[in-house]
Amino acid sequence: MPDGTYFTLLGPAGPVDDDGLYALYGYPADGAPCVRGNMIASLDGGATTDGTSGGLGGAGDRRLFNVLRELADVIVVGAGTARSENYSGAQMTVAQRRNRQHRGQTEIPPIALVTRSGRLDHDLPVLTRTEVPPLVLTCTDAAETSRSLLGSAAEVIACSSDDPAEVDPAVAVAALADRGLPRILCEGGPSLMGTFLAAGLLDEMCLTSAPVLVGGDGPRITAGAAQALTRMQRTHLISDAEGYIYGRYTRVR
């Protein structure tokens, strides 16, 4: 076989139930901070249709979305994505709450909003439709103003290092881990995902490949000025009857 290259036909291995999904997507057991991305893309690389990612999804994607949220300690999202996708607080079923309790987690994972300005409208659903107050990860320069504006609606955390006008993703990850939230699920958008990638902090990517073409010049699942070539290895691929493919990839150390 030339150059030692070979191909493997990935065939059906039978249905995967929720217990199987928990096993496939369990976080590393060492308890160290782990940043996992969860994104969806079309066959031609588009991350959105009509401005949001929701139009690309299907029933299987929504099911996996809920499982990934259940497994996470905290759900991190950019403030712009929270606005455009109309985010509210995470919702868990009775069974999911019980599962989380058995894993030693709180019943509801908080949403952590990343925003350099720290300015959030009071009527955002993520602030008003939630069982647990969100976290606001902002820069040192904006933290006090943000606390004054939001009051008890959110916990504001200053996440700067050398530059007090910027959010340092490594400081943000450490701040979450210090609060007992090391299993981090990042749901984007592309700019925030690109920030974690450029900082060498994106440990995993859970990618849904939607069986559609969208055309146009929409965003990819990561964005940013600097390229950050990061070698990933496939952990698994699964599919569903609608033709979606779900892959989990971990960073090669």
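Student: Which residues does Glu 70 touch, not counting residues up to four places away in sequence?

Tutor: This is a predicted model, where local features need pLDDT of at least 70, side-chain atom pairs count only at pLDDT 80 or more, and totals for chains, interfaces and linings use all residues. Residues are numbered from 1 along each chain as its sequence is written, and side-chain values use heavy atoms, with hydrogens and water left out. Contact means heavy atoms within 4.5 Å. On that basis, Glu 70 touches Tyr 22, Met 92, Gln 96, Asn 99, Arg 100, Arg 103 and Gln 105.

Student: Is Glu 70 buried or exposed?

Tutor: Buried means under 20% relative accessible area, exposed over 50%, and partly exposed in between, with a 1.4 Å probe and protein chains only. The relative accessible area of Glu 70 is 1%, so Glu 70 is buried.

Student: Over the ring of which residue does the charged end of Arg 103 sit?

Tutor: A charge sits over a ring if NZ of Lys or CZ of Arg is within 6 Å of the ring centre and within 35 degrees of the ring normal. For Arg 103, the charged end is 5.8 Å from the centre of the ring of Tyr 22.

Student: Why is the pair of Tyr 244 and Tyr 246 stacked?

Tutor: Rings of Phe, Tyr and Trp (its six-membered ring) pair if their centres lie within 6.5 Å; planes under 30 degrees apart count as stacked, over 60 as edge-to-face and the rest as tilted. The structure holds one such aromatic pair. The centres of Tyr 244 and Tyr 246 are 6.3 Å apart, and the pair is stacked because the planes are at 15 degrees.

Student: How far from Cys 206 is the nearest cysteine sulfur?

Tutor: A disulfide is a pair of cysteine sulfur atoms within 2.5 Å, and a search of the whole structure finds zero. Cys 206 is buried, with a relative accessible area of 1%. The nearest cysteine sulfur to Cys 206 belongs to Cys 34, at 9.1 Å.
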